[in-house]
Amino acid sequence: MSDHSPTSPPPEPGRLARLRSSDVSGWQRWLPGLQLLRRYQIQWLPRDLVAGLVLTSMLVPVGIAYAEASGVPGIYGLYATIVPLLVYALLGPSRILVLGPDSSLVAVILTVVLAQSNGDPQRAVVLASMMAVVSGVVCILAGVLKLGFITELLSKPIRYGYLNGIALTVLISQLPKLFGISIDDRGPLLDVWSLGQALLAGESNWMTFLVGGGTLAAILLLKQFPRAPGILIAVVAATLAVGLLDLDGRAGVKVLGSLPQGLPSFAWPWMTPVDLGGVIVGGFAVALVSFADTSVLSRAYAAKTKSYVDPNQEMIGLGAANLAAGFFQGFPISSSSSRTPVAEAAGARTQLSGVVGALAVALLLLFAPDLLSHLPSSALAAVVIASAIGLFEFKDLWRIYRIQQWEFWLSIACLVGVTVLGAVPGIGLAVVMAVIEFLWDGWRPHFAVLGRVDGIRGYHDIKRYPDARRVPGLVLFRWDAPLFFANAELFQESVLDAVEQSPTPVRRLIIAAEPVTSVDVTSADMLAELKRTLREAQIELCFAEMKDPVKDKLTRFGLLESPGFAIFHPTVGAAVEAYLDEHRVDWTP
């Protein structure tokens, strides 16, 4: 494999080869697929063709399985595979990313579909399709408005908690199918209770469980061999066993049945205004989850292939793929962390491998729709369960527990919220927790009174260095956060406490303001009040290392127009030297 992206020339020594969207002018910047086609090298074609055919072996069973798990008929999982792959190949910036139905979206889709479809499969399809349309519009607008950074709202512990909650929810939702039991979905906890009661009542079909459990065991065992198509092998074996032994007729093992022949057609997902509220909320949730997953995966593979992926164009490509899925009888899709590695391992060089996979699935629907008629539902449940198991994150979460326990418990709280409240409210909870986490760090930040430590350059926290020497009559105070409404009062109280606790009468207070990146109106008013309080005590207020943009804000707020508001020094050292000179203090720095 070459050391540079197929969309960029080899770099010169001392230069980075990074093709950005701004490097391409006009309409071509919106069509990365055409840019790639212009640079396509014929020697990549055999690898892309082989990778596409290998990829097909996963696209079919996984697409059907995730459709069934999402509450819509299996055929729509193939519809949600074909069209999005073709659209993303044209509009997506990532080199080998594979899109399609994904386990991380199953719980979100199922929550809306079950609540509003009333058991009607066609109504379920319309609801799921409209969720894809909403998600597509949200992603495209966010990409055009360059809001690709919004996925950074979710910290790693919160993302782990959300994904672990989703994985647990999806796993629980598939257990009844694995045992051949039908229960009413009432949420994960009640579903576990209902499943336990059904098992104790002898309602399970143990032949169904044997088929599904065997499929799950085979998938998990074959994961040890990355190049082996484990899902394909396990699903084909289960299908052959059911078909040859007539287990659907003799043992009541539920099977997929014949698929409708033909390709997906354009269909507008009409619905009543009553349904629109839940669908819009679900669509927004899908957009957030799918782009968070896609951005992480695309960045990972961009690093591996040494190429550049524009996050805003990634959002547009993902949105267009979802929009196409919604208008061609599909449902919400995302990037796949299981199928993308398969494409890479098979030698995929470009998005042409996804195009080949999509065309192969289309040919299956046209010429061999009965090929999967004996595919057991419990085997499809096993595919989804295996993917859900892959979503769980424990190792890194344990690392987080060892280094910062409060973030670990934040992750656990998010997991419980998703499991108890459901996927859609769980996403809202995750976002709220992320905002609270961000605000907390700024609300109660670290601050320090500084002194001089012998043998170490600069000025340092006297709590960490109790032997630090303090300048007589001077308080050096550092505030390690922006100043805003939530911490303005704490800042004022902390400054006055530092002045009050000074071992010598204070003549000047110097705020080491390098960490202060912003001020708002509330904190500006607080500074004005602090100045008055200090002036009454005949204490001067100065700032050191304050950034020019922060000074500009103080000017706009009118603070610098106040006579003698403050003196600004370029460094803490310069501020101390100025104090020593002006007040004739005999002290050796």
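Is R469 buried, partly exposed or exposed? With a relative accessibility of 26%, R469 counts as partly exposed, on a scale where buried means under 20% relative accessible area, exposed means over 50% and partly exposed lies in between (1.4 Å probe, protein chains only). The structure is a predicted model, so local features need pLDDT of at least 70 and side-chain atom pairs count only at pLDDT 80 or more, while totals for chains, interfaces and linings use all residues. Residues are numbered from 1 along each chain as its sequence is written, and side-chain values use heavy atoms, with hydrogens and water left out.

First, the overall picture. The protein has 22 helices and eight strands; these elements are DSSP runs numbered from the N terminus, with helices (H or I) of at least four residues and strands (E) of at least two. The C-alpha trace spans about 100 × 65 × 50 Å along its principal axes. Of the 589 residues, 53% count as buried. Taking a contact as heavy atoms within 4.5 Å, 80% of the contacts between residues at least 6 apart in sequence join residues at least 24 apart. The accessible surface comes to about 27300 Å², and carbon and sulfur atoms hold 63% of that. Areas here come from the Shrake-Rupley method with a 1.4 Å probe, and for residues only the protein chains shown count as cover.

On to the charges. Lys and Arg count as positive and Asp and Glu as negative, with His and the chain ends not counted; each charge is placed at NZ of Lys, CZ of Arg, CG of Asp or CD of Glu. The protein carries 44 positive and 47 negative charges, and their mean positions are 7 Å apart.

Where a side-chain nitrogen of Lys or Arg sits within 4 Å of a carboxyl oxygen of Asp or Glu, the pair is called a salt bridge. The count by this rule is seven. One of them brings us back to R469, which pairs with D454 at 3.2 Å between the closest N and O atoms. D454 belongs to the loop between β3 (447-452) and β4 (459-461), and R469 to the loop between β4 and β5 (474-479), so the bridge ties together parts that are 15 residues apart in sequence. D454 is exposed, at 59% relative accessible area, whereas R469 is partly exposed.

Another salt bridge links R508 to E540, with the closest N and O atoms 2.7 Å apart. Here the partners come from two strands, R508 from β6 (residues 508-512) and E540 from β7 (residues 540-544), so the pair ties together parts 32 residues apart in sequence.

Next come the surface patches. These are made of residues with over 30% relative accessible area and no salt bridge, joining like charges within 9 Å and nonpolar side chains (Val, Leu, Ile, Met, Phe, Trp, Tyr) within 5 Å. A negative patch gathers E489, E493, D497 and E500. Among them, E493 is part of helix α19 (residues 488-500) and is partly exposed at 40% relative accessibility. A nonpolar patch of about 370 Å² is built from V137, L141, V144 and L145. L145 lies in the loop between α5 (121-144) and α6 (156-179) and is exposed, with 58% relative accessible area.

Finally, a look at the backbone. Q538 is not a glycine, yet has a positive phi of about 60 degrees. Q538 sits in the loop between α20 and β7 and counts as exposed at 71% relative accessibility. E545, also a residue other than glycine, has a positive phi near 65 degrees. E545 is placed in the loop between β7 and α21, where its relative accessible area of 28% makes it partly exposed.
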